[in-house]
Amino acid sequence: MVLDKLKSLRTEKGLSCKQVADLVGISKEYYWMIENGKRRLNYELAVKIAQVFDTSPDDIFLDRELTYSEQKVSSLTNQSP
């Protein structure tokens, strides 16, 4: 799951949910819900969270496997008969 990477990054850095939440300006509860897939986030918040971990939002939140699958489906449907 994509959000497993978010939790992994946080624990690798030795940060609590509260610490990350404070750094991005949201409540601990809101951050916990994001990390556990209970809340969605907008791009601006994704950028702020990524900055905490010195990475890009895509590296944390983009499901590369799904994107690859979508590309395969797209290429199959765009082929001429």
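Tutor: Take Arg-10, which counts as buried because its relative accessibility is 9%; buried means under 20% relative accessible area, exposed over 50%, partly exposed in between, with a 1.4 Å probe and protein chains only. This is a predicted model, where local features need pLDDT of at least 70, side-chain atom pairs count only at pLDDT 80 or more, and totals for chains, interfaces and linings use all residues. Residues are numbered from 1 along each chain as its sequence is written, and side-chain values use heavy atoms, leaving out hydrogens and water.

Arg-10 sits in helix 1; helices are DSSP runs of H or I, at least four residues, numbered from the N terminus. A polar atom of the Arg-10 side chain lies 3.0 Å from the backbone oxygen of Leu-15. Neighbours within four places in sequence aside, Arg-10 is in contact with Leu-15, Ser-16, Cys-17, Val-20, Tyr-31, Glu-35 and Phe-53. Contact means heavy atoms within 4.5 Å.

Now helix 2. Its buried residues are Cys-17, Val-20, Ala-21 and Val-24. They lie on the same side of helix 2, because their arc around the axis is only 100 degrees, taken from the directions from the helix axis to the C-beta atoms. Gly-25 follows helix 2, with a positive phi near 85 degrees.

Next, the largest nonpolar core. It has 20 residues, and Leu-6, Ile-26, Tyr-31, Ile-49 and Phe-53 touch the most other members. Such a core is a set of buried Ala, Val, Leu, Ile, Met, Phe, Trp, Tyr and Cys residues joined through side-chain atoms within 4.5 Å. Helix 4 gives the largest share, 5 residues.

Conventions. Helices (H or I, at least four residues) and strands (E, at least two) are DSSP runs, numbered from the N terminus. A polar contact is a pair of N or O atoms within 3.5 Å; within protein, one must be able to donate a hydrogen and the other to accept it, and residues adjacent in sequence count only if both atoms are side-chain atoms.
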